[in-house]
Amino acid sequence: MSFFRFSRRKFSGDNIFEAVVGLFALCILILSFYLFRELFIGSELSRNTFGLSFLATTTWDPVNEVFGALPFIFGTIVSSFLALVIAIPFSIGIAIYLSELAPSGLKTPLSFIIELLAAIPSVIIGLWGIFILAPFTRDYLAPPLSTYLGFLPLFQGPMYGLSMLTGGVILAIMIIPITSSVSREVIMTVPVQQREAALALGATGWETTRIAVLPYARSGIFGAVILGFGRAIGETMAVTMVIGNSPKISESLFAPSYTMASVIANEFVEATSGLYVSSLIEIGLLLLVVSIIINIAARVLVWKLRRVEGGGRA
Amino acid sequence: MKWNKRKLVDRIMSFLAAACVIIAIIPLLSILYTVIINGLPAIDLDFITKLPRPVGEPGGGLGNAIEGTFIVVGIACLIGLPIGILAGIYLSEYGENKFGHFVSFMADVLTGTPSIVAGMFGYTLVVLYFKSFSAIAGGVALSVLMIPIVTRTTEESLKLVPSSIKEASLALGIPGWKTTLYIVLGTGKSAIITGALLAIARISGETAPLLFTSFGNMFWSGGIDKPISTLPVQIYTYAITPFPDWHAKAWAGALILIVMILILNIGVRFAARKKFG
């Protein structure tokens with residue numbers, strides 16, 4: 001490092017160069033600040049008019065200018081949780097298979113294919129959702145659920161193709177690539193000695209994973225799950241296209257619902273009055289703040305593990 | 001070897017884990033299959049060169065939407081690539097301080113920005129200012145998503161450049177900034193390009209940020225300060241109508257979009273793998 005410092009003092013070109021690229025790095029902070037600032041100012045009218053009751057009331061009435069975001073908050077949280085419930089076992093299974101159990105020749109191509117799913121634009125997944133997934137959940141997924149689990153209010157009532165259930169399934173499909181690939185990365189940071197110790201005691205492949213690998217990777221996998229949750233909350237197009245867009249809070253997963261991102265996507269252009277626009281921007285602000293908090297939490301969990309591991313290895 | 005319970009559990013769990021992988025791949029295959037089956041019959045030369053027709057009139061295409069996607073993504077690149085790459089250079093070469101760590105952290109956090117929020121940002125910043133939907137607003141919204149990705153991939157790729165190369169250059173008396181510009185960047189160039197192309201592939205398919213920034217347009221682009229049609233938004237508009245003819249157009253548009261994105265994605269990854277082993 002002292003070498004760099006010496007040369008930097010000698011050639012003033014270095015200072016200029018550092019200042020220039022530093023300025024562009026500063027752009028990132030300015031961008032983050034402005035992102036927040038624009039939405040904060042834009043939502044001022046709504047925040048002053050409704051206060052905290054905006055988050056707790058269910059009326060969404062553009063004609064009389066009464067806005068409450070609870071149905072959308074509910075829809076976002078429930079659909080994202082549903083997505084997690086479906087995606088977590090799959091993601092962990094995939095991560096375990098691709099890092100521990102798969103034949104080594106299959107590991108790279110399979111993880112490449114799974115990550116390819118993340119490259120498909122969400123509008124195309126939504127298009128597929130409307131014409132393939134929604135009829136599929138209506139005809140093949142919902143009937144057995146209502147037959148066997150129909151005593152739960154979750155699975156009662158008529159099944160519409162465009163529903164909370166379809167929304168949750170499509171979100172699960174969309175977050176599996178990220179949760180599984182981050183979990184896989186985390187699992188691969190587990191020191192090989194852990195595994196060798198278990199194997200040396202005569203453990204089978206699965207036992208090694210269960211005893212030596214998973215406990216070590218637990219907090220990182222939790223971080224991956226939270227990261228997936230953040231994605232699910234912010235996901236817009238595919239959900240908008242399949243969730244039915246009805247601002248009602250229903251106990252049943254078979255009923256249509258509405259998410260925070262969807263209401264913005266659907267109504268922002270049509271919003272005419274200042275208060276209407278401002279309310280939608282407040283929903284956006286909420287979405288931004290929540291997803292940033294979630295992201296920070298996830299990064300901290302995943303990073304902590306990497307840093308501990310990196311320190312040990314070096 | 002004796003067949004006991006532990007061995008059986010091992011087999012079952014391996015099988016379940018493999019099943020997870022297979023089930024996760026099914027949606028991907030189904031998406032690709034349906035897009036190709038439904039999209040291919042509707043694609044012809046007219047489709048990629050002509051303007052859309054009103055509902056009920058057969059024919060017409062998405063030529064303007066394809067043009068618009070290139071323009072909007074181009075604008076996003078003009079804004080996003082310089083900022084992202086230069087910020088990435090800072091982070092990898094001079095970023096070992098509190099400011100650098102914080103910027104790196106924020107870039108990481110920004111990658112989680114919901115795309116619809118990026119659209120709102122483009123709206124309040126550009127659309128309200130110029131009082132019109134425009135291609136520029138769309139580009140700005142997409143660049144918000146692009147900058148953090150490019151920054152992080154640039155930082156990561158430059159950190160992989162061996163310090164011995166840097167030291168060799170410095171030992172020859174080449175100033176630090178020239179070393180960074182010619183030696184470090186020269187070595188990390190292909191990795192940076194890979195990252196940039198992947199970021200382009202990622203934003204080309206984004207719809208949410210464009211809904212109320214670039215909006216839409218039934219004609220050829222009338223300039224970057226005017227509303228402009230893009231492929232993802234056009235697919236969305238067609239998909240939620242009740243007209244089978246427009247559904248067919250949505251599938252065909254989806255096929256074109258998916259081919260563009262997958263070619264970028266797979267091509268880049270294969271090129272990168274060949275290069276770096």
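The legends below describe several views of a predicted model with chains A and B.

View 1. Residues are numbered from 1 along each chain as its sequence is written, chains are lettered from A and ligands numbered from 1 in the order in which they are written. In this predicted model local features need a pLDDT of at least 70 and side-chain atom pairs count only at pLDDT 80 or more, whereas totals for chains, interfaces and linings use all residues. Chain A comprises twelve helices and two strands, where helices (H or I, at least four residues) and strands (E, at least two) are DSSP runs numbered from the N terminus. Their order from the N terminus is α-α-α-β-β-α-α-α-α-α-α-α-α-α, and the C-alpha atoms fill a box of roughly 70 × 60 × 30 Å along the principal axes. The pLDDT, which is the predictor's confidence in each residue from 0 to 100, averages 89 over chain A, with 93% of the residues scoring at least 70. Over residues 309-314 of chain A the pLDDT is below 50, and this stretch has two contacts in the model beyond near neighbours in sequence; two residues are in contact if their C-beta atoms, placed from the backbone, lie within 7 Å.

**View 2. The two assigned domains of chain A.** The domain assignment, whose bounds come from an automatic or database source, gives domain 1 (2-42) and domain 2 (54-313) of chain A. Taken over C-alpha atoms, the centres of these two domains are separated by 35 Å. Five residues of domain 1 of chain A are in contact with five residues of domain 2 of chain A, and the domain 1 side of that meeting has four nonpolar, one polar and no charged residues. In these classes Ala, Val, Leu, Ile, Met, Phe, Trp, Tyr, Cys and Pro count as nonpolar, Asp, Glu, Lys and Arg as charged, and the others, Gly among them, as polar.

**View 3. The side of chain B that touches chain A.** Chain B has ten helices and zero strands, and 69 of its residues are in contact with 71 residues of chain A. Elements giving two or more residues to this side of chain B include helix 1 (5-39), helix 3 (63-93) and helix 10 (244-276) of chain B. Helix 1 of chain B gives the most, with 20 residues, and the residues of this side divide into 52 nonpolar, 13 polar and four charged.

**View 4. The largest nonpolar core.** This core, a set of buried Ala, Val, Leu, Ile, Met, Phe, Trp, Tyr and Cys residues joined through C-beta atoms within 7 Å, has 183 residues, and among those with the most contacts inside it are A:I124, B:I235 and B:A254. Helix 4 (residues 70-101) of chain A gives the most to this core, with 16 residues. Domain 1 (2-42) and domain 2 (54-313) of chain A both give residues to the core, so it lies between them. Leaving aside neighbours within four places in sequence, B:A254 is in contact with A:I124, A:L127, B:V35, B:G39 and B:I235.

**View 5. The surroundings of B:P209.** B:P209 lies in the loop between helix 8 and helix 9 of chain B. With 34 C-beta neighbours inside 10 Å, B:P209 counts as buried, the cut-off being 20 or more other C-beta atoms within 10 Å, against 12 or fewer for exposed and values in between for partly exposed, with C-beta atoms placed from the backbone. Not counting residues up to four places away in sequence, B:P209 touches B:S115, B:A118, B:G119, B:G122, B:A141, B:L142 and B:L145.
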